Amino acid sequence: MFAPSQIEVRRFFCQTYRKWRDGAPLIPMEAIAADWIQEHPEYHAELADEEAAVAAVYSVEDGRTNPFLHLSMHLTITEQRGIDQPTGVRQAIDLLAAKRNSLHEAHHVAMEALGQMIWESQRSGLPPDGHAYLDRIRRAATTSTT
């Protein structure tokens, strides 16, 4: 199991951004990350300054989105969808993407569900509930948004 430190994650995204921007070859994980980096031009300035990125503090009180957490969640959901784990997540995300006409928007809904699952697990001290996570995505994919 790979468990990179916060600094390693930030350096990975900054270096991937630099390689993508410069047209350098990317390894497969970097290529996936670069796809999501392209979808988020609002993060490019932060990704361009690796040392500032490593030192940055993102707090809820500051109202700043943590681009590294956001991009990491995109990678997590991409991997979950790719291996269909939890079972059924691929179908749920694909249905949601079709409903929203956007895989990117489907990811953002899944991120909310993923964040909720993690928060509930931390609060209760119980393991993350993959079924509840999947149910949230399925509900978003199958309920009307009128």
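The lining of the second largest pocket divides into five nonpolar, five polar and one charged residue; Ala, Val, Leu, Ile, Met, Phe, Trp, Tyr, Cys and Pro count as nonpolar, Asp, Glu, Lys and Arg as charged, and the others, Gly among them, as polar. The model is predicted: local features need pLDDT of at least 70 and side-chain atom pairs pLDDT 80 or more, while totals for chains, interfaces and linings use all residues. Residues are numbered from 1 along each chain as its sequence is written, and side-chain values use heavy atoms, without hydrogens and water.

A pocket is an open set of points on a 1 Å grid over the protein atoms alone, where a 1.4 Å probe fits, with protein on both sides within 12 Å along at least five of seven lines; lining residues have an atom within 4 Å of a point. Volume is the space filled by probe spheres set on the points, which are joined across faces, edges and corners.

| Pocket | Volume | Element giving the most to the lining |
|---|---|---|
| Largest | about 1,000 Å³ | H7, eight residues |

Helices are DSSP runs (H or I, at least four residues), numbered from the N terminus. Among the residues lining the second largest pocket are Tyr58, Arg64, His70 and Met111. Of the 28 residues lining the largest pocket, Phe68, Leu69, Ser72, Met73 and Thr76 are the closest to its centre. By class, the lining of the largest pocket has 16 nonpolar, seven polar and five charged residues.

Notes. Helix = DSSP H or I, 4+ residues; strand = E, 2+ residues; numbered from the N terminus.
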